[in-house]
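Subject: Structure for you to look over

Dear colleague,

I am handing over the structure below, together with notes on what was found in it. Please read the notes with the model open beside you.

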Amino acid sequence: MTPESVMDLARNALYLTVMISAPLLLSALGIGLLIGILQAATQIQEMTLSFIPKLIALAVALAVAGPWMLEVWVSFTENLFMDIPGLIG
């Protein structure tokens, strides 16, 4: 197992993590920003006000991007399993 192959595997795993988490994180960030602006404009400082919209946005983002996320994850795992003989010896 060469150091280059280990670095490529680690780089691909980190890239996959970023790609899979991006839709959920960006939707939560966007809704959180909108709710924060709304709370600042109306001076309503209720902490639980942002929870339900974020939860709904995450459910929608997961429903929309979920099949793509699963496809990317399964593809990475299949490629990893196929590369095991090359990584070992």
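This is a predicted model: local features need pLDDT of at least 70, side-chain atom pairs count only at pLDDT 80 or more; totals for chains, interfaces and linings use all residues.

Residues are numbered from 1 along each chain as its sequence is written, and side-chain values use heavy atoms, with hydrogens and water left out.

Is Ser27 buried or exposed? Ser27 counts as buried because its relative accessibility is 18%, where buried means under 20% relative accessible area, exposed over 50%, and partly exposed in between (1.4 Å probe, protein chains only). Leaving aside residues up to four places away in sequence, Ser27 touches Ala57, Leu58 and Ala61, a contact being heavy atoms within 4.5 Å.

Next comes the way the helices are arranged. The protein has 2 helices and 0 strands, and H1 packs with helix H2 (residues 51-88) at an angle of about 180°, their axes being 10 Å apart. These axes are lines fitted to C-alpha atoms, for helices over the stretch in contact, and the angles run from 0 to 180 degrees between N-to-C directions. H1 and H2 are therefore roughly antiparallel to each other, since angles over 145 degrees count as roughly antiparallel, under 35 as roughly parallel, 65 to 115 as roughly perpendicular and the rest as oblique. The residues of the contact of H1 with H2 divide into 23 nonpolar, 4 polar and 1 charged; Ala, Val, Leu, Ile, Met, Phe, Trp, Tyr, Cys and Pro count as nonpolar, Asp, Glu, Lys and Arg as charged, and the others, Gly among them, as polar.

Several residues illustrate this pairing. Leu9, in helix H1, counts as partly exposed because its relative accessibility is 31%; Leu9 touches Phe76, Leu80 and Leu87, not counting residues up to four places away in sequence, and its C-alpha atom is separated by 9.8 Å from that of Asp83, 74 residues apart along the chain. Val64, in helix H2, counts as exposed because its relative accessibility is 65%, and Val64 is 9.3 Å from Pro23, C-alpha to C-alpha, with the two 41 residues apart in sequence.

In the loop between H1 and H2 lies Gln43, which has a positive phi of about 60° although it is not a glycine. Gln43 counts as exposed because its relative accessibility is 66%.

As for the protein overall, its radius of gyration is 19 Å, whereas a compact globule of 89 residues would have one near 12 Å; the radius is taken over C-alpha atoms, and the globule rule is 2.2 Å times the number of residues to the power 0.38. Its C-alpha atoms fill a box of roughly 65 × 25 × 15 Å, taken along the principal axes, and 15% of the 89 residues count as buried.

Key
Helices (H or I, at least four residues) and strands (E, at least two) are DSSP runs, numbered from the N terminus.
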